[in-house]
Amino acid sequence: MDVIDRAQEDLARGDTIGARDRLVRALHRNPASPGILELLAYTHLVLGDRAAAGAAWFLTDKSDDDPTASAAFAALQRQYRSPLALAEALPIHAPSDWYPGRARVRLERLEAAVEANGQRWVPPRDVVYFDEDGLNSDDFYGSDGDQVDSDYDRAGSSYRTVRQRAIAATIVIAIAATSASVVLALVFG
């Protein structure tokens, strides 16, 4: 039985808090799942939290014209008056290109609104971190159709294969070892 079925059983039993918590945990494992985000939005509606429902629907392909969703989007904007506060309230756990088209358009509009206020916001998983060895997080993502890890639904994006990850890890270790030997040579040389 998958997480959506279990959450629906929780809702049928009247355990809305349990359903919500189950779905929030599931987002960490399957961050761009439209089914999880949709059911999470409806669960928030049952709990009376329209703004949270709007935040979940923000990342789905839900139409802005849908009456229930548009009311939830309006509640989200009323609760988080600044674009930056609204952006930080979204349950983003994946790069923005993992989300459907309407969600990506909403994210782009939101990013433009934040910038219009003189602030800067990049969806959290879109940030590229360079470490001291010159590698970045994009080194572990594939864009050419690498095999997708079966535990996750990545909505079109993919992780590199195990072999490629092993090679990248070996490179990191080699760079670290070389850096350490240079430091030791300078200190004790």
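Me: Which residue just after α3 takes a positive phi?

Reply: Gly48 does, with a phi of about 85°. The model is predicted, so to speak of local features pLDDT of at least 70 is needed, side-chain atom pairs count only at pLDDT 80 or more, and totals for chains, interfaces and linings use all residues. Residues are numbered from 1 along each chain as its sequence is written, and side-chain values use heavy atoms, with hydrogens and water left out.

Me: How many helices and strands are there in the protein?

Reply: Helices (H or I, at least four residues) and strands (E, at least two) are DSSP runs, numbered from the N terminus. The protein has eight helices and two strands. Their order from the N terminus is α-α-α-α-α-α-α-β-β-α.

Me: What span does helix α3 reach from its first C-alpha to its last?

Reply: The expected span of a helix is 1.5 Å times one less than its number of residues. Helix α3 covers residues 34-46, 13 residues in total, and reaches 18 Å, close to the 18 Å expected.

Me: Which residues of α3 are buried, and what covers them?

Reply: Buried means under 20% relative accessible area, exposed means over 50%, and partly exposed is in between (1.4 Å probe, protein chains only). In α3 the buried residues are Ile36, Leu37, Leu39, Leu40, Ala41, Thr43 and His44. Their cover includes α1 (3-12), α2 (16-29) and α4 (50-58). For the whole protein, 33% of the 189 residues count as buried.

Me: Which residues is Ile4 in contact with?

Reply: Contact means heavy atoms within 4.5 Å. Ile4 sits in helix α1 and is partly exposed, at 22% relative accessible area. Setting aside neighbours within four places in sequence, Ile4 is in contact with Gly35, Ile36 and Leu39. Ile4 and Leu40 are 36 residues apart in sequence, and their C-alpha atoms are 9.4 Å apart in space. Across the protein, 48% of the contacts with a separation of 6 or more are between residues 24 or more positions apart.

Me: Why is α4 described as largely enclosed by the rest of the structure?

Reply: Eight of the nine residues of α4 are buried, so the helix is largely enclosed. The buried ones are Ala51, Ala52, Ala53, Gly54, Ala55, Ala56, Trp57 and Phe58. They pack against α3, α5, α6 and α7.

Me: Which residues touch the most other members of the largest nonpolar core?

Reply: A nonpolar core is a set of buried Ala, Val, Leu, Ile, Met, Phe, Trp, Tyr and Cys residues joined through side-chain atoms within 4.5 Å. The largest one here has 35 residues, and Phe58, Leu90, Tyr99, Leu107 and Trp121 touch the most other members. The elements that give two or more residues to this core are α1, α2, α3, α4, α5, α6 (83-89) and α7 (101-116). Not counting residues up to four places away in sequence, Trp121 touches Leu84, Ala87, Ile92, Leu107, Leu110, Glu111 and Val114.

Me: How many salt bridges does the count come to?

Reply: Side chains of opposite charge can pair when their charged atoms come close. A salt bridge is a side-chain nitrogen of Lys or Arg within 4 Å of a carboxyl oxygen of Asp or Glu. The count comes to eight.

Me: Which residues form salt bridges with Lys62?

Reply: One is Glu38, with the closest N and O atoms 3.9 Å apart. Lys62 lies in the loop between α4 and α5 (67-79) and Glu38 in helix α3, so the pair ties together parts that are 24 residues apart in sequence. Lys62 is buried at 13% relative accessible area, while Glu38 is partly exposed at 21%. Lys62 also forms a salt bridge with Asp66, the closest N and O atoms being 3.8 Å apart. Asp66 is partly exposed at 25%.

Me: In the salt bridge of Asp10 with Arg13, how far apart are the closest N and O atoms?

Reply: They are 2.7 Å apart. Asp10 is buried, with a relative accessible area of 2%, whereas Arg13 is exposed at 57%. Asp10, Arg13, Asp15 and Arg22 are linked in a network of salt bridges.

Me: Which residues form a nonpolar patch on the surface?

Reply: Patches are made of residues with over 30% relative accessible area and no salt bridge; like charges are joined within 9 Å, and nonpolar side chains (Val, Leu, Ile, Met, Phe, Trp, Tyr) within 5 Å. Accessible areas come from the Shrake-Rupley method with a 1.4 Å probe, and for residues only the protein chains shown count as cover. The patch consists of Val182, Val183, Leu184, Leu186, Val187 and Phe188, with about 670 Å² of accessible area together. Leu184 is in helix α8 (residues 162-188).
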